Amino acid sequence: MRKLRVLALKEVRLAFRDVGAILTMLATPLALTLAIAAAFGGGGSAPIADIPVLVLNQDAGEMSSTLVEALLSDQLADLLEPEVVTDEAAARARVEADQVAALVVIPPDFSARLLPMGGTELRVESEGAPFQLTAAQMQAWASNPQDGDTEESPAVVEIYASPQWRISAAVVKAVVAEVLERMHLVVRGVGSTVGRLILAGGMDITNQEQLLQVGQSIGEQLVLGAGNGEALLRLEVVSTRRAFSWLDYSAASMAILFLMFSATSGGRTLLIEREGGTLPRLLVSPTPAVTILVGKMAGVALTGILQVMILWGASSLIGAYWGEPLAVVVTIVALVLAATGVGALIAAWAKSPQQAGAIGTAVTLVAAALSGSFFPRMNLPVWVRQVSLLTPNAWGIELFADLQAGDALVNVLPMLGGLLLLTVAYYVVALIGFRRQFE
Amino acid sequence: MRRLLACVRIEFLREFTSPMSAVFFLILPLVFTAAVSAGLRGMGGSDSQEPPREVEISLPIWSEDSGPLTQALVDTLETAHVTVERVEALSKEQFGLIVPGAMSAELLAGSPVTLTLQVPGAVSSVDVVREALRPATERLNTAVQVVRGGLQQAREMQVLAPEDEQAFVDGLLDDIMKAAQHPPVVPQVNWGEGVEVEEPTSLTMATNTEQASAGQLVTWVQITLLGAAEVLVGERLLGTLRRLFVMPTARVSILSGKLVARLLLGLTQMAILLVGGALLFGVEWGSDPLAVAVVSLAFALATVGLGILLATIVRTRGQAQSAVVGVSMAMAALGGAWYPIEITPPVYRQVVQVLPSTWAMRAYTDLLARGADVMGVLPEVGVLLLFAAVFTAVGLIRFQRYR
Amino acid sequence: MSFVKVRGLGKQYAPDGPKAVDDLSFDIREGEIFSLLGPNGAGKTTTISIISTLLPPTAGEAFVGGHSVQREPMAVRRLIGVVPQELALYNDLSARENLRFWGEMRGLGGEQLKREIEEKLALTDLTERAKDRVSTFSGGMKRRLNLAIGLLGNPALVILDEPTVAIDPQSRRYILDWVKGMNAKGTTVLYTTHYMEEAQELSHRIGIMDHGKLIALGTLAELTQLVGEHETLILRLQEEGGEALAAALGDARGVTQASSTDGEVVLNVASAEEVLPIALRRATDLGLTIRTVEIREPNLETVFLHLTGRALRD
């Protein structure tokens with residue numbers, strides 16, 4: 001036991017003597033945290049904002065102006081950065097150069113299609129003002145409230161988008177769809193109301209003036225545009241456990257990825273010592289092989305714990321939550337032990353430091369891909385998730401997901417136990433390889 | 001020239017000191033590609049032979065509302081590909097939507113109503129559900145407003161008997177919901193000629209398959225090519241660097257030899273990743289192989305140049321390893337390899353243009369999503385080559401004084 | 001004809017720091033074996049690092065074959081072959097691969113390179129192990145390969161930096177014989193060592209360095225003349241007390257210098273015969289017992305002691 005301590009302390013001293021290496025090792029987790037913070041704006045889900053979008057109105061009617069004004073309105077000011085354009089070719093070129101997310105093209109028949117039954121003029125004064133339908137339109141609807149279900153395929157508002165701005169384009173589409181639907185339903189709704197009033201006997205279908213007046217009156221109570229009069233129906237999201245947050249997920253999964261890199265390259269010290277000649281000397285001393293192996297990895301482990309703790313602290317400052325502190329500490333220690341086990345395993349079976357390095361890198365990347373460091377774990381197929389449980393990465397992501405959702409230490413003890421078993425397995429295989437190589 | 005080739009040769013010899021190391025060199029990128037494509041398949045629809053899968057989400061709804069609005073809500077959700085499951089009860093631990101008992105009546109009377117979406121922890125589909133619920137609630141809001149307006153008008157005109165009001169309301173609501181099924185104008189996304197990409201299923205962190213493939217390639221390439229940072233430390237420890245310096249061989253040749261060797265090794269692995277991925281695992285790398293090759297070469301040059309520059313800076317193996325891991329991961333993350341860069345603030349997008357990884361991601365995404373050809377990615381290739389030139393030049397200058 | 005010229009050479013690693021090399025000036029004649037002798041830290045390695053163009057001097061200049069080491073390093077490197085003190089080998093590669101690479105770095109190629117490789121392998125008795133990895137070689141074999149590489153291309157000047165440190169006697173013999181053999185064929189040799197016997201055996205001329213300065217330069221005969229006919233008397237004591245005895249003898253008649261190291265009292269005397277009885281008496285007075293007595297003819301050790309007051313092997 002004493003020898004173990006001596007070896008471990010020697011390793012730690014050696015590891016911490018190289019100031020340059022230490023600085024890089026500690027600076028990197030911080031830089032990564034800043035990267036995450038910058039990308040996610042510190043929030044839970046990624047807030048898409050300030051989407052640059054161009055608007056081209058090819059329609060002469062009034063309904064299209066309403067759409068344009070909706071896109072330019074204050075309510076969407078945070079989400080969109082719209083710009084009205086007139087040169088179609090130039091606008092398309094800007095999309096193709098990825099300078100803007102999308103170009104919204106309002107077709108020439110927009111207003112006509114939105115208001116079938118007639119092409120008579122419609123006056124819309126400004127956003128929020130009541131609109132008017134012609135008497136002819138109302139009469140037509142009145143006589144056939146269900147009309148309008150044409151067989152014609154719908155007109156298209158083209159959203160010419162850049163594949164580099166895929167999510168933004170989808171957001172623009174959603175916004176446009178919402179505005180379009182509102183306009184459409186209001187128009188149809190007013191018409192249908194008038195129709196049903198006539199059917200109920202409240203209005204004379206031949207009395208044009210009255211029809212017009214009623215239509216206007218109803219219209220006054222509705223507001224077109226992206227605003228909504230009174231949105232009576234609201235949605236509230238309640239999390240009985242802590243809600244999922246991309247920031248939390250990324251902070252933890254990045255820490256694990258980084259830890260695996262450090263641990264697998266740290267295992268190389270074994271091989272470097274063999275090259276240097278100090279390892280054979282150790283081996284002929286009356287010290288059992290397992291003590292040597294464990295003692296050497298102790299330095300790597302201590303460094304790993306320090307690195308992850310720093311990431312935890314730094315990411316917490318920007319709002320990431322890792323779980324209950326005690327549970328987090330225990331999980332970190334367990335993960336570091338497992339990661340160093342992988343490092344020991346690779347070093348014990350590799351033939352040279354270069355080979356160990358190459359394998360370590362590859363193993364880490366593969367493990368990361370399969371476990372959910374690069375793709376969200378919950379979206380991976382079940383069999384991939386199961387296979388990935390051979391790696392510390394997967395266990396880490398699962399454990400932190402539970403802790404972040406609100407589980408206490410006692411809830412994750414079974415998983416920690418499983419991880420510990422895996423760690424022991426790693427070290428056993430490492431020891432076998434170690435003996436073969438060095439004895 | 002002979003000396004340069006000798007330096008290149010020795011790097012290869014030292015890299016492949018045994019048959020096993022050659023095996024690892026060739027196999028590892030394939031294993032990685034396999035893992036990546038497994039992950040990509042899991043996200044749906046990356047395989048060109050299969051049609052894109054619709055993501056089906058299910059949402060349990062508990063409602064004691066007997067009015068028509070709940071059914072209207074359900075109908076709307078189902079057209080948005082949400083499978084609604086009406087349940088008898090919903091405990092606190094369960095995921096689902098709770099509709100208050102008198103929703104229809106209250107809304108029609110003009111009182112606000114709150115739907116509660118209960119999310120017990122990490123549910124992956126919660127973002128998609130929220131996004132489907134938004135247009136549904138908006139539709140209902142519009143419908144309620146119209147119906148209320150009509151009802152008020154009817155009352156003013158006194159054309160309806162109280163017992164007929166319900167029928168009036170139901171009929172109007174029905175009209176509106178039917179109208180919603182037949183919009184006369186719809187928005188449609190057009191990505192450009194010849195471009196076939198999928199629309200994201202979620203409006204938040206959607207990792208599309210093209211970005212994921214490119215991101216993985218960039219991550220792998222950086223980590224392995226930046227490994228060039230160790231070339232000088234190793235030689236110094238062996239004592240051979242001193243000997244190299246007293247040889248009648250220019251330092252430029254020595255460092256260039258290492259750079260070329262690392263580049264060739266890296267390009268070989270990239271080729272395995274690209275070709276192996278495409279042939280064996282159906283990973284799509286775009287429609288123009290020449291363009292892919294040009295971008296890859298430029299990116300490899302920039303990265304290896306940076307690796308060589310790092311080599312002249314680090315003094316110990318520990319520093320080299322830390323630098324490789326740190327720099328490659330930071331550049332990958334910041335450059336958009338691990339999340340789509342469009343979700344980042346505009347300032348961020350400006351700042352990260354100093355990284356070669358940003359430009360590589362941009363180029364690859366253009367290739368994969370747009371099917372761009374060489375001309376289309378020429379700007380990005382140019383920038384990458386500029387990075388390569390600068391890094392290499394600085395590295396060579398530093399190496400003149402290296403001790 | 002001077003092949004190497006060193007004029008006022010100086011090296012200071014830090015602006016206000018100590019001088020590793022201080023105002024060094026000497027010549028090496030073409031075809032001679034020149035040794036730089038001195039204890040560890042005397043500045044020998046720094047000197048040859050400058051001559052081999054590895055380090056720039058901070059003062060003075062040096063020339064090899066007429067080329068300045070500072071202004072024409074490439075020309076100098078073409079004329080020299082260096083055998084460093086630390087092994088400089090690629091352990092993962094075979095002896096032949098090592099030789100091939102370094103030969104190519106020297107600018108050799110084709111048939112000439114092949115001949116060179118085979119010749120050096122034969123010379124160093126490594127032909128049978130040519131295909132084996134260097135990591136499987138014994139220490140002595142590695143040293144021989146290290147040497148062979150330095151001789152590739154048969155350079156005009158071969159610089160050997162303490163080539164016999166920590167090696168077995170057999171390998172050391174081998175190296176010394178080889179240096180002599182090389183030189184017999186006309187190669188100029190610059191050899192650094194802190195072993196006096198080697199310097200004596202090999203060199204045509206010797207430069208003695210201490211604390212960065214050249215304190216003596218000449219043939220063995222010229223150097224020993226510096227200490228005149230003086231002999232060295234070495235007394236080994238039974239017990240501690242060397243310093244006391246040395247102090248007591250310091251002013252004795254016939255003693256020019258007295259010092260004590262490791263239980264040995266070293267006396268630089270005009271005549272050992274005359275001083276010995278005095279020494280014995282003084283020892284008895286101090287209650288010390290002399291175990292053994294050794295009388296040495298003047299040699300470089302004596303010279304060094306005479307010049308610096310310290311033993312060479314400190």
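Which strand of chain B is joined to strand β4 (residues 155-161) of chain A? Select strand β5 (residues 185-190) of chain B: six bridges link the two, and they run parallel. Strands are DSSP runs of E, at least two residues; helices are runs of H or I, at least four; both are numbered from the N terminus. Strands pair if DSSP finds at least two bridges between them. Now pick Ile159(A); opposite stands Val189(B) in β5(B).

This is a predicted model: local features need pLDDT of at least 70, side-chain atom pairs count only at pLDDT 80 or more, and totals for chains, interfaces and linings use all residues. Residues are numbered from 1 along each chain as its sequence is written, while chains are lettered from A and ligands numbered from 1 in the order in which they are written.

Next, the contact between chains A and B. Chain B puts in 115 residues and chain A 110 (contact: C-beta atoms, placed from the backbone, within 7 Å). Select helix α5 (residues 126-157) of chain B, which gives the most to chain B's side, with 20 residues.

Stay in chain A and select helix α16 (residues 392-405). Its 14 residues should span 20 Å at 1.5 Å a residue, and the end C-alpha atoms are 20 Å apart, which agrees (expected span: 1.5 Å times one less than the number of residues). Just after α16(A), Gly406(A) has a positive phi of about 125 degrees.

Finish in chain C. Four strands make an open antiparallel sheet, ordered β2-β1-β4-β5. Its edge strands are β2 (19-29) and β5 (67-68), each pairing on one side only.

Key. Two residues are in contact if their C-beta atoms, placed from the backbone, lie within 7 Å.
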